[in-house]
Amino acid sequence: LVVPRTALIDVANKTVVFVQVAPEEFELHEVSTGESAAGKVRILSGLREGESIVVDGAFTVKSVILRGTLADEE
């Protein structure tokens with residue numbers, strides 16, 4: 001399984017991808033990565049074939065989720 005490097009985000013020192021589970025609803029999946037080349041990275045674990053991931057805009061999704069988390073804590 002190979003994904004674009006742009007799909008990978010660091011959260012709390014872990015490499016994650018955002019998996020779309022419903023329209024405008026995403027889950028964080030921690031992944032283990034392998035070798036990379038030409039802007040693509042091999043996923044060793046944490047993601048299944050066929051799952052829809054955020055490729056472009058993953059940083060934006062991260063920001064929205066973190067902002068929601070901070071609002072919940074106040």
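Predicted model: local features only at pLDDT ≥ 70, side-chain atom pairs only at ≥ 80, totals over all residues.
An open sheet is formed by 3 strands, arranged in the order β1-β6-β5 with antiparallel pairing. The edge positions are taken by β1 (2–4) and β5 (32–37); each has a single partner strand, so one side of each lacks a neighbour in the sheet. From one strand to the next, the twist averages 35 degrees. Between β1 and β6 (residues 40–45), which run antiparallel, there are 3 bridges. In general, the strands of a sheet pair through backbone hydrogen bonds, in either a parallel or an antiparallel manner.

A further antiparallel pairing involves β3 and β4 (residues 25–30), which are joined by 6 bridges. Within this pairing, Q20 has F26 of β4 as its bridge partner. The two strands form a hairpin with 2 residues between them, and E24 takes a positive phi near 60 degrees there.

The largest nonpolar core comprises 10 residues, namely V3, A7, L8, V17, V19, V31, V41, I43, L47 and I53. Two or more residues of this core are contributed by each of the elements β3 (14–22) and β6. One of the core members, I43, was examined for contacts beyond its neighbours within four places in sequence; these contacts are L1, V3, L8, V31, S32 and T33. Of these contacts, V3, L8 and V31 are also listed in the largest core. In soluble globular proteins, nonpolar side chains tend to be buried together.

Positive phi values were also examined at residues other than glycine. N13 is not a glycine, yet its phi is positive at about 65 degrees. This residue, N13, is placed in the loop between β2 (9–11) and β3. Its relative accessible area is 83%, so N13 is classed as exposed. E24, likewise not a glycine, has a positive phi of about 60 degrees. The loop that holds E24 is the one between β3 and β4. With a relative accessibility of 77%, E24 also counts as exposed, the cut-off for this class being over 50%.

Note on methods
Residues numbered from 1 in each chain as written. Heavy atoms only, no water. Pairing = 2+ DSSP bridges. Helix = DSSP H or I, 4+ residues; strand = E, 2+ residues; numbered from the N terminus. Axes fitted to C-alpha atoms, helices over the stretch in contact; angles between N-to-C directions. Core = buried A, V, L, I, M, F, W, Y, C linked by side-chain atoms within 4.5 Å. Buried < 20%, exposed > 50% of the residue type's maximum accessible area, 1.4 Å probe, protein only. Contact = heavy atoms within 4.5 Å.
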